[in-house]
Amino acid sequence: MTIGVFDSGFGGLTVLSALLRQLPEYDYLYLGDSARAPYGIRSPEVIDEFSRQAVARLFGEGCPLVVVACNTVSARALRNLQQKFLPVHFPDHRILGVVRPSAEELAGLPPGAIPGITPPTLADGTVAVLGTSGTVASGSYRLELAKLAPRLRIVQKACPMWVPLVENGELSGPGTDHFLHQILDPLLAVPEQRPAKILLACTHYPLLLPSIRPMVPANIEIISQGALMAERLADWLRRHPEMETRLRKNGVRQYVTTDDPVWFSEQGSKILGTTIRVERLHLP
């Protein structure tokens, strides 16, 4: 059985790349719904519908465990998927998202931290979450951090142009810098209010990191979700042997997209550093 990785486009390959480095022995099937990207501008109802279709398809392809690499889906649809969809249709399958692990990282907490019992390392101060309009509007990170580190101040900013920049390969240059400065400059304008950590709460955004890092003071930590999710998945599998023993370990990688597979292969090969073969599928 294969680990499924799902994202609205090819940005989730930044998470898969980290998974392949830390957990290379497992089989993986990546699904990028690029034909319907970006998810961040869509209504919660549509995000929920698209997510159920994608997850059900991965389950049907033999993935008992799906990692949702999309922040918008994790923020808007994961709770319904876990609490309503799985118990009725796939009770022995599991879906993991990126919001809770990322919130724990912002607070400096270990995996599986218990609110009110495990003290956060970053108990107060300011952290920033940069995400899609859907992720920010959901309030998911604010809710998680209110439980994990209630004294922590969170600043959230929607970056509606960043995903289109990445999806169109505009990772650097004056135009890209303009849209990065548009978000980062106000965030960093007042030295006393600058965040201690900035979370790139969209798996597309790490591809902009070479352009983002020079704009941010060196003492501010920038968190990308790839390595974080790899560490947290490894820990989760250790704590859930009933799932871990079901997973094949032949090092097989498969890639599917709802858009042009040639284009997706070109973009994905750049991220993964190796040529990948991509097939097209249709979601209902």
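Select helix α11, residues 225-239: its 15 residues reach 21 Å from first C-alpha to last, close to the 21 Å expected at 1.5 Å a residue. Helices here are DSSP runs (H or I, at least four residues), numbered from the N terminus; the expected span is 1.5 Å times one less than the number of residues.

This is a predicted model, in which local features need pLDDT of at least 70, side-chain atom pairs count only at pLDDT 80 or more, and totals for chains, interfaces and linings use all residues. Residues are numbered from 1 along each chain as its sequence is written, and side-chain values use heavy atoms, with hydrogens and water left out.

**Stay on α11**

Colour by burial. Eleven of the 15 residues of α11 are buried, so the helix is largely enclosed by the rest of the structure. Among them are L228, M229, L233 and W236. Buried means under 20% relative accessible area, exposed over 50%, partly exposed in between (1.4 Å probe, protein chains only).

Now show R239 and D235. Their side chains meet in a salt bridge at 2.7 Å, N to O. A salt bridge is a side-chain nitrogen of Lys or Arg within 4 Å of a carboxyl oxygen of Asp or Glu. The two residues sit four apart in α11, about one turn of the helix. R239 is partly exposed at 46%, whereas D235 is buried at 17%.

**Step across to α5**

Salt bridges that share partners join R100, E104, E105, E144, K147 and R232 into one network. Select E105 and R232, whose side chains meet at 3.3 Å, N to O. E105 is in helix α5 (residues 99-107) and R232 in α11, so the pair ties together parts 127 residues apart in sequence. R232 is buried at 10%; E105 is partly exposed at 23%.

Then pick K147 and E144, bridged at 3.6 Å, N to O. They are three residues apart in helix α7 (residues 140-148), about one helical turn. The count comes to 14 salt bridges.
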